[in-house]
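Please read the report below alongside the sequence and the coordinates.

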Amino acid sequence: MSGPSTHATDWYKDALFYQLHVKTFCDSDGDGVGDFRGLTSKLDYIRDLGVTCLWLLPMYPSPFRDDGYDIADYCSIHPAYGTMDDFRVFLDEVHARDMRVITELVVNHTSDQHQWFKEARSSREHPRRDWYVWSDTDDRYRGVRIIFTDTEQSNWAWDPGTKQYYWHRFFSHQPDLNYDNPAVQEEIWRAMRFWLDVGVDGFRVDAVPYLIERDGTSCENLPETHAVLKFLRRRLDEHYTGKVLLAEANQWPEDVRHYFGQDDEFHMAFHFPLMPRMFMALRLEDRKPLVEIVERTPAIPESCQWGIFLRNHDELTLEMVTDVERDFMYDEYARDPVARINVGIRRRLAPLLEGDRRRIELMNGMLMSLPGSPFLYYGDEIGMGDNIYLGDRNGVRTPMQWSGGWNGGFSSADPERLAQPVISNAVYGYQSVNVEAQRRTDHSLLNWTRRLIAARKSSPVFSRGSIVFLKPVNHRVLAFLRSLDREQVLVVCNLAGTAQAVQLDLKDYAGAVPIEMFGKSVFPRIGEAPYVLTLGPYDFFWFRLRRL
Amino acid sequence: MPQPSLLTDDLVQQLMAVGQVDILVGIPTLNNASTIGPVVRAVHLAFARYFQRERTVLINSDGGSEDGTPAIVRDLSLDEPDTLVVRHALRTTHRISAPYHGVPGKGSALRQIFAAADLLQARAVAVLDPDVTSVTPEWVRALVAPVVGDGFGFVAPVYARHPLDGPLVTQLVRPLLRAAYGLRLAEPQAAEFGCSGRFAADCVELDVWDTPLAQFGIDLWLTGRAIASGCRLCQAPLGPRTVATGTHRPGLSETFGQVVGSLFTLLGTQADTWLPRTGSDPLPVLGPPAPPPAEPARLDGERLLQSFGTNVRDLKSVLDAILVPETESALEAAALGQPADLRFPDDLWVATVYQFLAAHHQGVMRREHVTQALLPLYLARTGSFVLQHAGTDAASVDAALEALCLEFERAKPYLVQRWTGAPSR
């Protein structure tokens, strides 16, 4: 077991995460499926980007009816991805590059092909029967919302063998585990321990609000669920240091706040409502939705951190928006109904922003400067496209485009054999959008992203500083100050597609000299009068305020 | 020499921050502190309910209020339960109050509002009266939606009123403008209206703003301008229009002089537009009509007629200069009877109005004297109409008003003849 050379226990607060799918990242053996050997060969690329932690989508044995989120065995590697030895080598190589790895931990449910469920459904008397949630009727927990609205009509599924219904919050082939049973809690802890001992640095814990069911409730965010999570965290703290638990709880900030507890549940949680509001603010050319959600976000314990992102492996979720906002987002970002799935939009960053480099940069600029640890989704650093016709959310999980060559450099297999087809259209296809081409161009999105990350990492103010919004009268301009000790950074973003002038009230910083953080250009000293800036379409500035 | 600015630097700064908008609602004010709050609330509710995605701004153009009206506009809280929806709007809510400069009056306020609309490239503009207590968010929708959604250039309101109410409109302004321009507008001089941003921008550049027409008859002028400019007109039912009690409004004599003076002046400046038109066409009415109030405002027909005889005698020298002998004789004959029996028939009223209008145009005497001399005749006509229709149902009164409009139309060739002929009796 190895570890990175940096040992701060709260490393995740300064981390820059990179989310990838082993299956579609790099195929080393030409079978059309990405694997750990392929991924290991690309670690220099990831490190050079400035990434400090990888988040792997599920790499466990699975029937792949939900792309690996239907786990059939928690303690081994899917054979298509390699062996445990391959994984150990990968882990060593990651740590040797001062990076870390978190893996997916799907705790709410298993695959119906998991041995536990096979035994549980074998008879009502089987000892594992109570590892899942059963009912004679399908009207218990009536009114609990259905998450996969496009495919599921009920949270109950009929098991003809034992003539009972089983509970599932996601697909019907993903039965929910019964966390009221202490044996289940212990078994999940054993699975966590297995991977922690192998050397992973933490887990992104999937679907955490749904662990416990109670009559008369929404079966979400229940106190009993928090008790289970506290149990897992307590065990983690008892045995390990420097590990991270990251919650996927697609809820309002005040509800997610409970998942941090008193620093006794999760170290991190995704800030889901922020993401759609960044897109909304951009389209509205109005900072209002973004500022409102950040100001509505409660404080979290000192050692905790938000995870923020623009896009990930799922749809651009619109669960945490109002009906009006959802309609707006659909109309503005998913006019093609095929792009809509469940309660969201299955598109990557670049197509969402119509390939507009200025908007892509602005959105990344905001992501890297708002409070929280940013998560990049593989391929977005080069502006990869998607294929909304692939079904489910597979369209945003297509092979990484490494070069303009065979299968985009992802695999030497015949194209027909690939786990997912590569994007090959004229705009986003691998012939035009690929790592190799962008490496050669200083002003490519890839190299620009690298410089952006470097600028972010040049100051801890972005990862640990406070935020105060300036709210100039021009609502098209988002301006905020990040402060940490004596360090202050002023961020100014033009959300509009037209040039904007803005007057900033910076008299509290009179005397400071703004130094633009990318080009190091010195701007006029701040005085008592409003500080006037002009910004081109979708421009943004990061200024370090220096007392010189 | 540099041109004076329509917008102050401070206002331009505020407008810069607002940027391009889709909808601008303007409210001209002067000492409206007691009534402005609900109007502002209604506007923001309209933005939040009906124009969630549009970029909006409310601009209050104030004529120097001393009762704190601008502060109320600026600081009005929208956090009450009934307006909480505003806080959940998609976009930033903009509200600006700025003093206007220039000739005191609504014209200068509107000019500033139109100039702001021009600068902000507003697609649609709506103007509301700050004294009206019956304003609802639906008013804003009704005035704006036809512009934004259907491409109309000017939206005139239709108020729900009893046909015996508003006699200056129903007896004179409405039928005269209908006959002149050939368009059946219910409220040609309404304080509330909607228009396109382009119409507003075009108006900014015109020469009307420093004239009495802008000061006293800007509502009428805008309607006339909309017709003359060829923009698409429609009407929008708003419901009852209730003005706050205690609101300072000029007396009848002053109002009559301002309205009729503006009306006649407008027709004088736009003769090329209306002279060739014959007949009349209906205008599209977008939205269901609101039911009128069951009871009309109280009008004492006999009292209106009481001084008719005296007035006709006293004004004889003036009427000699304005009216043809047949009309004057008919009026004198009508004035001889008892007020309760007096009748002022449609054809006589139409002939009287047309002869006054021609006299105003031809300048047979000071134009203020012409309009002042029409007032007692108008009162008599109104009194006669009220007496004739008291106790009849609203539909019957409506039919009588329609008959009056048709009489104005039928006699239009006579007006044209009087207008284009040499001044004569």
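What follows goes through the model from its conventions to its domains, core, strands and loops.

## Basis of the model

This is a predicted model, in which local features need pLDDT of at least 70 and side-chain atom pairs count only at pLDDT 80 or more, while totals for chains, interfaces and linings use all residues. Residues are numbered from 1 along each chain as its sequence is written, and chains are lettered from A and ligands numbered from 1 in the order in which they are written.

Domain bounds here come from an automatic or database domain assignment. For chain A the assignment gives domain 1 (70–76 + 192–457), domain 2 (115–167) and domain 3 (465–546). The C-alpha centres of domain 1 and domain 3 of chain A lie 28 Å apart, and 18 residues of domain 1 of chain A are in contact with 16 residues of domain 3 of chain A, where contact is taken as C-beta atoms, placed from the backbone, lying within 7 Å. On the domain 1 side, the elements that give two or more residues are helix 8 (274–284), helix 9 (288–296), helix 12 and helix 14 (445–457) of chain A, and helix 12 of chain A gives the most, with 6 residues. By class, this side of domain 1 of chain A has 9 nonpolar, 2 polar and 7 charged residues; Ala, Val, Leu, Ile, Met, Phe, Trp, Tyr, Cys and Pro count as nonpolar, Asp, Glu, Lys and Arg as charged, and the others, Gly among them, as polar.

Helix 12 of chain A covers residues 357–369, and its 13 residues reach 18 Å from the first C-alpha to the last, close to the 18 Å expected at 1.5 Å a residue, the expected span being 1.5 Å times one less than the number of residues. Helices (H or I, at least four residues) and strands (E, at least two) are DSSP runs, numbered from the N terminus. Helix 12 of chain A is largely enclosed by the rest of the structure, because 10 of its 13 residues are buried; among them are Arg359(A), Ile360(A), Leu362(A) and Met363(A). A residue is buried if 20 or more other C-beta atoms lie within 10 Å of its own, exposed if 12 or fewer, and partly exposed in between, with C-beta atoms placed from the backbone.

## Domains of chain B and the contact between chains

The assignment for chain B gives domain 1 (9–282) and domain 2 (301–420), whose C-alpha centres lie 31 Å apart. Here 24 residues of domain 1 of chain B are in contact with 27 residues of domain 2 of chain B. Helix 7 (167–181) and helix 11 (252–269) of chain B each supply at least two residues of the domain 1 side, which by class has 13 nonpolar, 10 polar and 1 charged residues.

The contact between the chains takes 10 residues from chain B and 13 residues from chain A. The residues on the chain B side divide into 3 nonpolar, 5 polar and 2 charged.

## Nonpolar core

A nonpolar core is a set of buried Ala, Val, Leu, Ile, Met, Phe, Trp, Tyr and Cys residues joined through C-beta atoms within 7 Å. The largest such core has 305 residues, of which Leu54(A), Leu246(A), Ala247(A), Ala269(A), Met278(A), Leu24(B) and Leu120(B) touch the most other members. Leaving aside neighbours within four places in sequence, Leu246(A) is in contact with residues including Ile102(A), Phe203(A), Val205(A), Phe266(A) and Ala269(A).

## Strand pairing in chain A

Two strands pair if DSSP finds at least two bridges between them. Strand 1 (residues 17–20) of chain A pairs in the parallel sense with strand 2 (residues 53–56) of chain A over 4 bridges, and also in the parallel sense with strand 14 (residues 373–377) of chain A over 3 bridges.

A separate description applies to the open sheet of 3 strands in the order 11-13-12 (chain A), in which the pairing is antiparallel.

## Positive phi in two loops

Lys163(A) has a positive phi of about 55 degrees although it is not a glycine, and it lies in the loop between strand 5 (156–159) and strand 6 (164–167) of chain A. With 9 C-beta neighbours inside 10 Å, Lys163(A) counts as exposed. In chain B, phi of Asn31(B) is near 55 degrees, a positive value in a residue other than glycine. Asn31(B) is found in the loop between strand 1 (23–29) and helix 2 (36–50) of chain B, and is partly exposed, with 18 other C-beta atoms within 10 Å.

Technical notes: Contact = placed C-beta atoms within 7 Å.
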